[in-house]
Amino acid sequence: MTSSTPTAVTATGRPATDPAGPTGRLATWVAKTTLDDVPASVRDRAKYLVLDGIGCALVGAQLPGPASAWRG
């Protein structure tokens with residue numbers, strides 16, 4: 001007995017997992033991109049932004065708002 005899995009179809013009529021669709025093309029491009037393809041200035045800026053985001057999260061976690069949200 002063979003089971004068939006339903007395939008989601010987008011508004012364009014293509015399957016949702018169509019590698020030729022915009023999401024599939026973007027995912028393929030990202031998957032093929034290596035760190036060497038990214039300019040050093042962009043890598044440095046990305047490092048800064050990631051560290052900034054972590055810092056904001058750490059500071060924000062200490063504010064009274066998040067604690068009161070957890071208590072309900």
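Helices are DSSP runs of H or I with at least four residues, and strands are runs of E with at least two, numbered from the N terminus. In this predicted model, the elements of the chain follow the order α-α-α from the N terminus on, with three helices and zero strands in the chain.

Confidence is highest in helix 2, at 96, whereas the lowest value belongs to helix 3 (residues 64–71), at a mean of 70.

One of the residues concerned is Gly24, which lies in helix 1 (residues 22–32). Gly24 has a relative accessible area of 15%, and because buried means under 20% relative accessible area, Gly24 counts as buried. When the neighbours within four places in sequence are left aside, Gly24 is in contact with Asp18 and Pro19.

A contrasting case is provided by Leu58, a residue of helix 2 (residues 40–61). The relative accessibility of Leu58 is 57%, and since a residue is exposed when this value is over 50%, Leu58 counts as exposed. Together with Val50, Leu51 and Ile54, Leu58 makes a nonpolar surface patch of about 420 Å².

How values were computed: Residues are numbered from 1 along each chain as its sequence is written. This is a predicted model: local features need pLDDT of at least 70, side-chain atom pairs count only at pLDDT 80 or more; totals for chains, interfaces and linings use all residues. Side-chain values use heavy atoms; hydrogens and water are left out. Patches are made of residues with over 30% relative accessible area and no salt bridge: like charges are joined within 9 Å, nonpolar side chains (Val, Leu, Ile, Met, Phe, Trp, Tyr) within 5 Å. Accessible areas come from the Shrake-Rupley method with a 1.4 Å probe; for residues, only the protein chains shown count as cover. A salt bridge is a side-chain nitrogen of Lys or Arg within 4 Å of a carboxyl oxygen of Asp or Glu. Buried means under 20% relative accessible area, exposed over 50%, partly exposed in between (1.4 Å probe, protein chains only). pLDDT is the predictor's confidence in each residue, from 0 to 100. Contact means heavy atoms within 4.5 Å.
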